[in-house]
Amino acid sequence: MASQQNLEKMQVRQNYRNLWHTDLMRTIQQDTPYCCFALWCAPCASYLLRKRALYNDMSRYTCCGGYMPCSGRCGESKCPEFCLCTEVFLCFGNSVASTRFMLQDEFNIQTTQCDNCIIGFMFCLQQLACIFSIVAMIVGSEEISEASQLLSCLADFVYCTVCACMQTQHKIEMDKRDGMFGPQPVMAVPPAQQMSRIDQPIPPSVGYASQPAAYGQPYGYPPASQPPQGYPATGYPATAYPPPGYPPSGYSR
C-alpha cells in the first residue's frame with residue numbers, strides 16, 4: 001500500500017510546473033562555500049537541511065520523509081534528533097532524496113531534463129561499477145579488477161559531487177523560501193486601457209477631467225456625458241453616452 005502511494009506521488013511530481021531556483025549545473029557558482037561544505041561534510045549538511053525543511057519543528061520528523069517501509073517505526077517521536085543523525089549517516093542517499101521530495105511536494109517543483117540526466121548518469125555509473133566488480137571477482141583478471149577499481153572511484157566521485165550540488169540546490173531553494181534574497185518585486189497594476197472604435201484614433205490621455213469616485217470610472221477617462229476634447233459630438237455612437245434623464249432623479253453623489 002505504501003509503495004503504491006509513493007508511486008502515485010512520483011507520477012504527480014511529473015506534472016509540477018515550478019522550477020528550482022538554481023539548477024544542478026549552476027549550484028557551484030551560486031553558493032561555492034556551501035557546496036564545499038556539503039562535499040566535505042555531507043551528513044552534517046543533510047541533517048541541517050532536513051531540519052530546516054521541517055521549519056525546525058522536529059515533531060514533524062519521520063524517518064526518510066515517510067518514503068521507506070521503516071518510516072514511522074524507528075521511535076522518531078521519542079528522539080527525532082538521534083533518529084535523524086542515524087538516517088544521515090547510515091542512509092545518506094535516502095536522506096538527501098527525502099529532503100528533495102519534501103521540497104518538491106511543498107513548492108510543486110519539477111526536476112528539469114538536465115537534472116534528470118545528471119542524476120541518471122550517476123546511477124548508471126554506479127551500476128556499471130558494480131557490474132565490473134562482480135565480473136572481476138568471477139574472472140579473476142587483474143586488468144578487469146583494476147578497471148573496476150577505477151570505475152568505482154569515478155562513480156564515488158560523481159556520487160559525492162552530485163549529492164553536494166543537490167544539497168546546495170536545496171539550500172538555495174530554502175533561502176528563497178525564507179526571504180533571504182530580499183523582497184521580491186511586486187507586479188504593478190497595469191493602467192486602465194482606453195476603449196475606442198476601430199475606425200477612430202485613440203483619444204489623447206491628457207486634458208481629461210478627473211471623475212468623482214462615486215461614478216466608479218478609472219481616473220483619466222473622459223466624462224460619460226460628453227465626448228473627449230477635440231472630438232465632435234457626432235463622432236461617437238449613441239450608445240457611448242447615457243440616455244437622457246441619466247442619472248435617475250433622486251440620485252446623489
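Is Arg26 buried, partly exposed or exposed? In this predicted model, Arg26 is partly exposed, with a relative accessible area of 46%.

**View A. Salt bridge between Arg26 and Asp23.** The side chains of Arg26 and Asp23 meet with an N to O distance of 2.7 Å. This pair belongs to a structure that holds eight salt bridges.

**View B. Salt bridge between Asp115 and Arg100.** The two side chains meet at 3.9 Å, N to O. Asp115 lies in helix H7 and Arg100 in helix H6 (residues 92–107), so the pair ties together parts that are 15 residues apart in sequence. Asp115 counts as buried, at 0% relative accessibility, and Arg100 is also buried, with a relative accessible area of 4%.

**View C. Salt-bridge network that includes Asp31 and Lys171.** Asp31, Arg52, Lys171, Asp175, Arg177 and Asp178 are linked in a network of salt bridges. Within helix H8, Lys171 and Asp175 are four residues apart, about one turn of the helix. The closest N and O atoms of their salt bridge are 2.9 Å apart, and both residues are buried. Asp31 is found in the loop between helix H2 (27–30) and H3. With a relative accessible area of 15%, Asp31 is buried, because the cut-off for this class is under 20%. Leaving aside residues up to four places away in sequence, Asp31 touches Thr168, Lys171 and Ile172.

**View D. Crossing of helices H3 and H4.** The axes of H3 (residues 32–40) and H4 (residues 42–53) come within 5 Å and cross at roughly 115°. The two helices are therefore roughly perpendicular to each other, since angles of 65 to 115 degrees fall in that class. On the H3 side, the residues in contact are Tyr34, Phe37, Ala38, Leu39 and Trp40. They meet Ala42, Cys44, Ala45, Leu48 and Leu49 of H4.

**View E. Nonpolar surface patch that includes Ile134.** Ile131, Ile134, Val135, Met137, Ile138 and Val139 make a nonpolar surface patch of about 600 Å². Ile134 is found in helix H7 (residues 113–139). The relative accessible area of Ile134 is 40%, and this residue is partly exposed.

**View F. Phe157 and Met122.** Phe157 is found in helix H8 (residues 142–177). At 56% relative accessibility, Phe157 counts as exposed, because the cut-off for exposed residues is over 50%. The C-alpha atoms of Phe157 and Met122 are separated by 9.5 Å, while the two residues are 35 residues apart along the chain.

How values were computed: Residues are numbered from 1 along each chain as its sequence is written. This is a predicted model: local features need pLDDT of at least 70, side-chain atom pairs count only at pLDDT 80 or more; totals for chains, interfaces and linings use all residues. Side-chain values use heavy atoms; hydrogens and water are left out. Patches are made of residues with over 30% relative accessible area and no salt bridge: like charges are joined within 9 Å, nonpolar side chains (Val, Leu, Ile, Met, Phe, Trp, Tyr) within 5 Å. Accessible areas come from the Shrake-Rupley method with a 1.4 Å probe; for residues, only the protein chains shown count as cover. A salt bridge is a side-chain nitrogen of Lys or Arg within 4 Å of a carboxyl oxygen of Asp or Glu. Buried means under 20% relative accessible area, exposed over 50%, partly exposed in between (1.4 Å probe, protein chains only). Axes are lines fitted to C-alpha atoms, for helices over the stretch in contact, and angles run from 0 to 180 degrees between N-to-C directions. Angles under 35 degrees count as roughly parallel, over 145 as roughly antiparallel, 65 to 115 as roughly perpendicular and the rest as oblique. Contact means heavy atoms within 4.5 Å.
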